[in-house]
Amino acid sequence: MTGFLSRFLRRLLLAATAAWMLIGMGAQAQTGTTQTRYPIVLVHGLFGFDSALGVDYFYGIPDALRQGGAKVYVAQVSAANSTEVRGEQLLAQVNTILAITGAAKVNLVGHSHGGPTARYVAGVAPGKVASVTSVGGVNRGSRVADIMRGVAPAGSVSETIANGAASALVALINLTSGGSGLPQMPTAALDSLTTAGSAAFNRRFPQGVPTSGCGSGAELVNGVRYYSWTGTKTLTNVLDASDALLGVLGLVFGEANDGLVSACSSRLGKHLGDYRQNHLDEVNQLLGLRDWFSTDPVTLYRQHATRLKAQGL
């Protein structure tokens, strides 16, 4: 009996050792999967922030990328201002990141208004940017912004009221996120996001913008690679309080959209796919609530980091 017990314990120990080795191998396989050559910089959209009250704008995404080996920075630019103003703020932060890390370039990933903001930096300083990825980016304007500008034309009373409400929201965002030192101008942000404003911006910075209605743009321009993906569903989770508003706003498009941006307007460079996500799902908000049958947004960012790594970026 003693011999049997001894053999049993030895086999149990061997099995446990093998199991731990497999777990260790799995952890090693995970380590380095998102370890891009250049740092990844995440750029928030309109009314965005880096982190507010301990909640990341890109919810759970920076940590997931870091676990795979990536160096990740989250930019904080004006919550509401023109693309050019936000772009200059982002460029200053890119310069700081390059100085801190010793890297030659960065990979910019922008959501919503963060897409054009990242494109601005790539346009004025392409040597400092390895790639630009636009997620639900307002690259050719938003129908919602057009309607808002129509309802509140420049100089009108309605514009004053809307600007006051937007400024109050921005003040609250700044209070909770620490961005109070940044200049804010909601009307300038609105003008940047209209179809006309986006068209004017694209004349200055056409890199990666498709020439056809809903096609792909050039993937490689001036040494910078351009990518995009977006969501095409507005109502994704009954528990998500933001779905109702995005569902209503999505009705104004008459084409596939995420509630704030049409799928065609979001395209930039190499298009990586359309997903069952709305505008907030694209950054894993609200607190990770999403369509349970769609790809996890965090997974998309991890996969993209692996893609950038494979490209030597």
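A nonpolar core is a set of buried Ala, Val, Leu, Ile, Met, Phe, Trp, Tyr and Cys residues joined through side-chain atoms within 4.5 Å. Buried means under 20% relative accessible area, exposed over 50%, and partly exposed in between, using a 1.4 Å probe and protein chains only.

This is a predicted model, in which local features need pLDDT of at least 70 and side-chain atom pairs count only at pLDDT 80 or more, while totals for chains, interfaces and linings use all residues. Residues are numbered from 1 along each chain as its sequence is written, and side-chain values use heavy atoms, with hydrogens and water left out.

**Stop 1: the cores**

Select Ile-40, Leu-42, Phe-58, Ile-61, Leu-65, Trp-229 and Tyr-301. Of the 27 residues in the largest nonpolar core, these touch the most other members. Two or more residues of this core come from each of β1 (40-43), α2 (61-67), β6 (129-135), β8 (224-231), β9 (270-275) and α10 (297-310). Helices (H or I, at least four residues) and strands (E, at least two) are DSSP runs, numbered from the N terminus. The element that gives the most to this core is α10, with five residues. Another core, of 26 residues, lies apart from it; Leu-108, Tyr-120, Val-121 and Ala-125 are among them.

**Stop 2: aromatic rings**

Rings of Phe, Tyr and Trp (its six-membered ring) pair if their centres lie within 6.5 Å; planes under 30 degrees apart count as stacked, over 60 as edge-to-face and the rest as tilted. The count by this rule is six aromatic pairs. Now select Phe-49 and Tyr-57: their ring centres are 5.5 Å apart and their planes stand at 90 degrees, so this pair is edge-to-face. Phe-49 is buried, at 17% relative accessible area, and Tyr-57 is buried at 9%. Next, Phe-201 and Phe-205 form a tilted pair, 4.9 Å centre to centre with 40 degrees between the planes. Phe-201 and Phe-205 are buried as well.

**Stop 3: helix α5**

Select residues 143-151, which make up α5. Which of its residues are buried? They are Val-144, Ala-145 and Arg-149. Finally, select Ser-142, which caps the N-terminal end of α5: a side-chain oxygen lies 3.2 Å from the backbone nitrogen of Val-144.

Technical notes: Polar contact = N/O pair within 3.5 Å; in protein donor to acceptor, adjacent residues only side chain to side chain.
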